[in-house]
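Here are a few notes to read alongside the model.

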Amino acid sequence: MAMLTVAGALLFGLTSVQAQKPGKWVSLFNGKNFDGWRTYNGKGVSDIWKVEDGAMVMTQKGGGNLVTEGEFGDFELEFDWKISEAGNSGVMFHVHEDPKFGQPYQTGPEIQVLDDAKHPDSFKGAAGNHKAGSLYDLLPPTDLKAVKPAGQWNKAKIVIKNGRGESWLNGIKVVDFPTKGAEWDKMVENSKFKGWEGFGRYDRGRIALQDHGDKVWYRNIRIREIK
């Protein structure tokens, strides 16, 4: 009986692992138009956002934050980004839409997109937690040299799985973080997000690209869900 129990436990363990395997890669941007995207809490996409040379570009301030039509829980997201000189943007996950939340960052944690050399926000926060690749205002990147300068493409990856997250920048894992639980709550308590009603409270939501008023480029955006 004991042997059967152990075998059953092993079989269950294998099944659990298999269930956590990632699915197929799905493109979130076709390089031609904004199918699958719209303005946060709105409809359509502003003509300030353009598609140029296979990349989506927010050409000037006022384009609005973009979100995916689809929602995602555990996933692996890959994308390339390029920021203008002294520019600022970000990619958020688990974004929840509700009229009471005027900005996607009110609910969705952000992986920072920034010109570390010249944007003022680079020198704020604590221990570099506003730098490119950081979990914004929560954890800094472990390698401040992983980012490429303004005007150059960076390859980024965000992984969310089983209550943990990772931020990768140009092939280097720069942040490893919890997405819930006591460790997460403590980080939030010591950040600017302390007391925010919906911040980091959703296990599933939209991917958002931030309008921070500066020109920014995104391309090769793809995702695979982990189930």
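1. A quick definition before anything else: Ala, Val, Leu, Ile, Met, Phe, Trp, Tyr, Cys and Pro count as nonpolar, Asp, Glu, Lys and Arg as charged, and the others, Gly among them, as polar. With that in hand, look at the second largest cavity, whose lining has 8 nonpolar residues, no polar and no charged ones. They are Trp-37, Leu-77, Phe-79, Val-91, Ile-207, Leu-209, Tyr-218 and Ile-221. Strands S6, S12 (206-209) and S13 each give at least two residues to this lining, and the space inside is about 30 Å³. Keep in mind that this is a predicted model.

2. How many cavities of 30 Å³ or more are there? The count is 2. The largest cavity comes to about 40 Å³, and Phe-93, His-94, Pro-109, Thr-179, Trp-184, Gly-200 and Tyr-202 line it. By class that makes 4 nonpolar, 3 polar and no charged residues.

3. Now the pockets. The largest pocket holds about 190 Å³ of space. Its lining has 4 nonpolar, 4 polar and 3 charged residues; among them are Asn-88, Tyr-105, Glu-110, Asp-121, Lys-192, Trp-196 and His-212.

4. Glu-110 deserves a stop of its own. This residue sits in strand S8 (residues 110-114) and is buried, yet has no salt bridge. Where is the nearest side chain of opposite charge? That is Lys-192, 7.6 Å away, while a salt bridge needs the nitrogen and oxygen within 4 Å. Leaving out residues up to four places away in sequence, Glu-110 touches Ser-89, Gly-90, Val-91, Met-92, Ser-134, Leu-135, Tyr-136 and Gln-210.

5. The second largest pocket has about 160 Å³ of space, with 3 nonpolar, 3 polar and 5 charged residues in its lining. Strands S6 (75-83), S9 (154-161) and S13 (216-225) each supply at least two of the lining residues. Glu-78, Asp-80, Lys-155, Lys-157 and Arg-222 are included in the list, as are Phe-79 and Trp-168.

6. Asp-80 also takes part in a salt bridge with Arg-219, the closest N and O atoms being 3.2 Å apart. This pair links distant parts of the chain, Asp-80 in strand S6 and Arg-219 in strand S13, 139 residues apart.

7. Another salt bridge joins Arg-224 and Glu-76 (3.0 Å, N to O). Here too the link is between distant parts, with Arg-224 in S13 and Glu-76 in S6, 148 residues apart. Arg-224 counts as partly exposed at 22% relative accessibility; Glu-76 is buried at 11%.

8. The whole structure has 18 salt bridges. One of them pairs Arg-206 with Glu-71 (3.7 Å, N to O). Arg-206 lies in strand S12 and Glu-71 in the loop between S5 (66-68) and S6, so this pair ties together parts 135 residues apart in sequence.

9. Last, a loop residue. Gln-152 lies between S8 and S9 and counts as partly exposed, at 40% relative accessibility. Not counting residues up to four places away in sequence, Gln-152 touches Trp-81 and Lys-82.

How values were computed: Residues are numbered from 1 along each chain as its sequence is written. This is a predicted model: local features need pLDDT of at least 70, side-chain atom pairs count only at pLDDT 80 or more; totals for chains, interfaces and linings use all residues. Side-chain values use heavy atoms; hydrogens and water are left out. On a 1 Å grid over the protein atoms alone, a cavity is a set of points where a 1.4 Å probe fits but cannot get out, and a pocket is an open set with protein on both sides within 12 Å along at least five of seven lines; lining residues have an atom within 4 Å of a point. Grid points are joined across faces, edges and corners, and a volume is the space filled by probe spheres set on the points. Helices (H or I, at least four residues) and strands (E, at least two) are DSSP runs, numbered from the N terminus. Buried means under 20% relative accessible area, exposed over 50%, partly exposed in between (1.4 Å probe, protein chains only). Lys and Arg count as positive and Asp and Glu as negative; His and the chain ends are not counted. Contact means heavy atoms within 4.5 Å.
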